[in-house]
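Here is a short report on one protein chain. Keep the sequence and the 3D view open as you read.

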Amino acid sequence: MALILGYGVTSGFYFDNETRWYVASSPQVDDNMGTIQFFHYNGDNPVVIGRKIEGAQYEEYFGASVTSCDVDNDGRDDLIVGAPSWSDKGDEGRIYIISARRNVNVFERSWIDGKFEGARFGSSVVCLGDLDRDGYGDVAVGAPYEDKSGAVYIFNGGRYGLSQVPSQKILGKDFGRLSGFGLSISEPRDVDGNGYPDVAVGAYRSGHAVLFRAQPVVQVKISLSYVNSARLNSNTTDFSVRFCGYYEGYRVPQTLRVMRIFRVDEVLRRGVLDLPPTDNGTYEIEGLLHYGREICTDVPIILQEGTKTEPIDISVSLSLINEAVIINKFRSKIDATVRLPFDVDCGSDDICISNLTSEVTTSLGPGNNYILGGEKTIKITIDVRNNGEPAYDTQVHVLLPDFLSLASISFDCEEKHLINRSIEVICDIGNPLRSQNSLTLDLAMSQVEIESELFSESIQVPIYLTTQSTNINQRGSNNLFINLVVDASVDITGRAEESIYSYINSSEGEKLDRIRFSHIYNVKKLGLTAIEQAALTVLVPTHLRNSRSEIIEIARINASSLTFFDSTSRENNDYVCKTERIENDKKIIEKNLNATEIVSSRNRTLLLNCENSEIICVNVTCLMDVPRESVNPNSAIAELKLTIDFLLKNVPDEFMISKDIIYFASNASVRVTHPSRGGEVSGMKRNSVIVGTTFLETLSAAQVSIWIIVVSVLIGILLLALLIFALIKLGFFKRKQKEALDALKADSDVNYYLPAFQLRE
């Protein structure tokens, strides 16, 4: 099918906040797999064509819809691409979230799949702006064939990108007999002037358009605490808890009518409020919340008969009463709980004096060294000991920076999002904690791997203990330091396609004008840490300076071919190696790989390498971008093949005096350029290599001549004869008389016999 570029178009600042790039889609190319093309305008110059990205599945119709907005608030726009015909069982549909990393050649791609067969989720995608006023862009996605009538999904942006779970789902059937609802969605416009964007959704099959007006969004914060300073005991008959709350939002009313729903000791039923409960045993109290101003009220609770050893749990939840606003449930706290223990086993003064200590260890072992790219999770074990009286409501607090998160969370733990975007993990360790307990947390390290260059050499995780008892140990806190270790390097090997050539024409017996040969270099990744870019540099001799200081060309690079071994699609023009001449004082040669040590017949050999001060070289530099997920540890990255024309006719005769062998050597080195801390890999590695090609007058010249072998054998025979003659003269081969030998033997027998021992009966 012909290329239909421009089926969908959008634009955004994908790589920085200075250059606007445009995107045009072609969903019908490559068997409807689809592609998108990046380009931008550079002043009055022609259009600059950028990267092209292909779909992931045939017939998925990648690029049927496109839109752009910043969903993770990193200052750069993200590209949202619809692929409505993506299939698991059949046309469920998918959207891709594509984010650029540092340059136009490397992208990160994530996706959200449709859940219903035939729904064609992703037929339309539209950025709605910041619907919930949380600082992140939100996106609407149409699925026009879901549930016969169609549906529209709303996804909220966040710190880690677009949420995988929709915050809202709008079904077309809820508004009458609509069909095809969600095939088209308008750009957001504030049609009613309330400061929030409104959108229209088309239902093309039934011929309808539905206008949705966004309502103001509020972020509600409530808390619940114990009023009295004294703890509950066996004589307590009543007490109070304090409810506090407020809300924030954009263009919202000054007060909100709310319903506070209290639950008191639901298991043991030891406490009641002074008002009738509902049928499910809860207590409902109507009240007001104020915009931006926290108001607190005390709620009395009456204690009834029952055990006074188990703590009492009191919780409250909040709902709105007929208000034209919506609570942002992801950014609000509308539930709160307080646990009130009874003081026991703390002596006659009824005051618990605890002595809490903690010890923190990790699965990383001594030193807490984390290799970037290694383990996906780290186990943190916190051992808490109490050497005093029982510690009630003992909790462990772990402060995680915004780039760390828990891989899983225990039911005894909760996460609290702080103002600086860090997370406080609060875990109950004992109520009461009498002697000791342990807590194990699994830290997810994937974000550390992605953003490792933003961190210092270690990550600090503060850990401290709290209790309602009086803790006499002032050193109950620990700071866990996780040391970041970069384990990334590159290795290089090289070979000549043919190691030996003859420079004499066998049929005519004359010296050849030129010989074409190839040097091949392979680059391999070492270590666990992902790398993003490596630089390969090759020095090739191309000119020499004769006795008259004339510069003569002796070699020319005919072609260079760089082949990658990963599965990432690349444009050939993006990876052309750069060639430039290098002056003598700028040559960088690895002295431990000396080409002169390779050639044995040094007096017969003309060495052409970049160590020679009379040789001028060119520098071939190849920058290799390495997608993070495409190259495994200890795997090949790329291969560079240099095809070189050796201009034999240009080699001056003065250099060939008494020479019948020419050795041509190129030097290559490789290094990690990103991340900047690369190269710290442990173990053996080779960062440079020399590849040589030998040119002989005839191929047999490399062999030892026959006459040399014959002369060597004759000299050996002569030396053996001289040695035998000398031994004869010295009497080495004369023997003693037989009688003398027998006498000597007899003397030996007498002298060395031992006397026999007589055994006593």
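## Ground rules

A residue is buried when its relative accessible area is under 20%, exposed when over 50%, and partly exposed in between (1.4 Å probe, protein chains only). This is a predicted model: local features need pLDDT of at least 70, side-chain atom pairs count only at pLDDT 80 or more, and totals for chains, interfaces and linings use all residues. Residues are numbered from 1 along each chain as its sequence is written, and side-chain values use heavy atoms, with hydrogens and water left out.

## The whole chain

The chain has 761 residues, and 45% of them count as buried. Its secondary structure comes to 4 helices and 48 strands. Both are DSSP runs, numbered from the N terminus: helices are H or I with at least four residues, strands are E with at least two.

A contact means heavy atoms within 4.5 Å. Take the contacts in the chain with a separation of 6 or more: 69% of them join residues 24 or more positions apart.

## Salt bridges

A salt bridge puts a side-chain nitrogen of Lys or Arg within 4 Å of a carboxyl oxygen of Asp or Glu. The whole structure holds 19 salt bridges.

One of them pairs Arg331 with Asp134, with the closest N and O atoms 3.9 Å apart. Arg331 lies in the loop between strand 23 (326-327) and strand 24 (335-340), and Asp134 in the loop between strand 9 (124-129) and strand 10 (138-143), so the pair ties together parts 197 residues apart in sequence. Arg331 is partly exposed because its relative accessibility is 33%. Asp134 counts as buried, at 16%.

Arg514 and Asp645 form another salt bridge, with the closest N and O atoms 3.6 Å apart. This pair also links distant parts of the chain, 131 residues apart: Arg514 is in the loop between strand 38 (500-502) and strand 39 (515-526), and Asp645 is in strand 46 (residues 636-646). Shared partners join Arg514, Arg516 and Asp645 into one network of salt bridges. Why does Arg514 count as partly exposed? Its relative accessible area is 43%. Asp645 is buried, at 3%.

Glu187 and Arg189 also meet in a salt bridge, at 3.2 Å from N to O. Glu187 is exposed, with a relative accessible area of 52%. Arg189 is exposed at 52% too.

## Around Thr255

Thr255 lies in strand 18 (residues 255-264). At 34% relative accessibility, Thr255 is partly exposed. Leaving out residues up to four places away in sequence, Thr255 touches Tyr247, Leu289, His290 and Glu323. Thr255 and Glu323 are 68 residues apart in sequence, yet 9.9 Å apart in space, C-alpha to C-alpha.
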